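Trainee: I would like to go through this model and ask, for each label, what value stands behind it. Please set each value against its cut-off before concluding.

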Amino acid sequence: MLAFVGLLVGYGTRLGSGCTSGHGVCGLSRRSPRSIAATVVFMLTGFAAVYLLRHVLV
Amino acid sequence: MISFIALIAGIIFGFGIIGSGMVNPALVLAFLDVTGDWDATLLWVMGGAVTVGTIAFMLARKRERSYLGLPMQIPGMAKIDSRLLLGSLMFGIGWGIAGICPGPALVLAGTGNSDALVFLVAMLLGMGIYRMTQDRG
């Protein structure tokens with residue numbers, strides 16, 4: 001499971017050109033529209049993943 | 001000199017994400033658990049980092065060369081494409097499951113945490129797969 005998730009994070013980071021630091025901190029600091037979009041998407045999917053794992057699939 | 005500055009910057013960044021709790025998967029997952037027992041601590045961390053970053057980028061924008069004499073390279077791409085959105089979607093799902101993102105994966109693996117080592121190897125493999133299949137450069 002952890003290996004699969006690692007793959008997802010690695011591939012997703014490259015495809016999306018950034019992570020929490022790249023888009024979330026540096027991108028938002030520059031007010032980059034791409035980074036704002038990326039941050040909104042990964043925050044929402046992060047919320048959704050935790051919601052499913054903690055409150056639906058328990 | 002450049003390597004030395006990079007080392008210092010890396011050490012500051014490393015201490016920052018350790019001290020702020022960003023490397024703690026339990027805290028990250030509690031931050032993402034908005035419908036449950038939400039812990040907003042990391043929102044302050046993000047806010048603090050973005051405040052510092054905003055000032056730093058304002059100063060950087062005024063310069064043509066960095067303090068080390070290299071050309072300033074600030075990303076200028078503005079197009080929001082499907083690659084950006086799909087990549088961020090995948091990243092967010094993985095982040096929400098493991099509570100680990102790339103920076104903290106390096107720090108945690110550095111502590112010898114076996115879960116983090118598995119995650120890091122898989123993450124690097126994921127980046128490698130991207131490089132082999134998608135990279136246009």
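Mentor: What follows takes the labels in turn, for a model that is predicted.

Trainee: Start with chain B. What makes up its secondary structure?

Mentor: Chain B has 6 helices and 0 strands. From the N terminus on, its elements run α-α-α-α-α-α. The C-alpha trace of chain B spans about 45 × 35 × 30 Å along its principal axes. Of its 137 residues, 35% are buried.

Trainee: How many residues of domain 1 of chain B are in contact with domain 2 of chain B?

Mentor: Contact requires heavy atoms within 4.5 Å. By that rule, 9 residues of domain 1 of chain B are in contact with 11 residues of domain 2 of chain B. The area buried between the two domains is about 780 Å², and carbon and sulfur atoms give 85% of that area.

Trainee: Which kinds of residue make up the side of domain 1 of chain B that touches domain 2 of chain B?

Mentor: Begin with the pair counts between the two domains: 0 salt bridges and 0 residue pairs in polar contact, both residues being required to reach pLDDT 80 or more. On the side of domain 1 that touches domain 2, the elements giving two or more residues are α1 (2-19) and α2 (25-32) of chain B. The largest share, 5 residues, comes from α2(B). The residues on that side divide into 9 nonpolar, no polar and no charged.

Trainee: Now the interface of chain A and chain B. How many residues does the contact take from chain A and from chain B?

Mentor: It takes 42 residues from chain A and 56 residues from chain B. The area buried between the chains is about 4,500 Å², with carbon and sulfur atoms giving 75%. Across this interface there are 7 residue pairs in polar contact, both residues at pLDDT 80 or more. On the side of chain A that touches chain B, α1 (2-15), α2 (20-29) and α3 of chain A each give two or more residues. The largest share, 16 residues, comes from α3(A). That side of chain A divides into 24 nonpolar, 13 polar and 5 charged residues.

Trainee: Why is the pair A:Arg34 and B:Asp81 called a salt bridge?

Mentor: The rule asks for a side-chain nitrogen of Lys or Arg within 4 Å of a carboxyl oxygen of Asp or Glu. For A:Arg34 and B:Asp81 the N to O distance is 3.6 Å, so the pair meets the rule. A:Arg34 lies in helix α3 of chain A and B:Asp81 in the loop between α3 (41-61) and α4 (82-98) of chain B, so the pair joins two chains. Both A:Arg34 and B:Asp81 are buried.

Trainee: And why do A:Arg54 and B:Asp33 count as a salt bridge joining two chains?

Mentor: Their side chains meet at 3.2 Å, N to O, and the cut-off is 4 Å, so the label applies. A:Arg54 lies in helix α3 of chain A, and B:Asp33 in the loop between α2 and α3 of chain B, so this pair also joins two chains. Over all chains the count comes to 2 salt bridges, and the interface of chain A and chain B has 2.

Trainee: Why would such residues pair at all?

Mentor: Side chains of opposite charge can pair when their charged atoms come close.

Trainee: Is A:Arg54 buried, partly exposed or exposed, and which label does B:Asp33 get?

Mentor: Buried means under 20% relative accessible area, exposed over 50%, and partly exposed in between. A:Arg54 is at 37%, so it counts as partly exposed. B:Asp33 has a relative accessible area of 4%, so it is buried.

Conventions: Residues numbered from 1 in each chain as written. Chains lettered and ligands numbered in written order. Predicted model: local features only at pLDDT ≥ 70, side-chain atom pairs only at ≥ 80, totals over all residues. Heavy atoms only, no water. Buried area = accessible area lost by both parts, 1.4 Å probe. Polar contact = N/O pair within 3.5 Å; in protein donor to acceptor, adjacent residues only side chain to side chain. Helix = DSSP H or I, 4+ residues; strand = E, 2+ residues; numbered from the N terminus. Nonpolar A, V, L, I, M, F, W, Y, C, P; charged D, E, K, R; others polar. Buried < 20%, exposed > 50% of the residue type's maximum accessible area, 1.4 Å probe, protein only.
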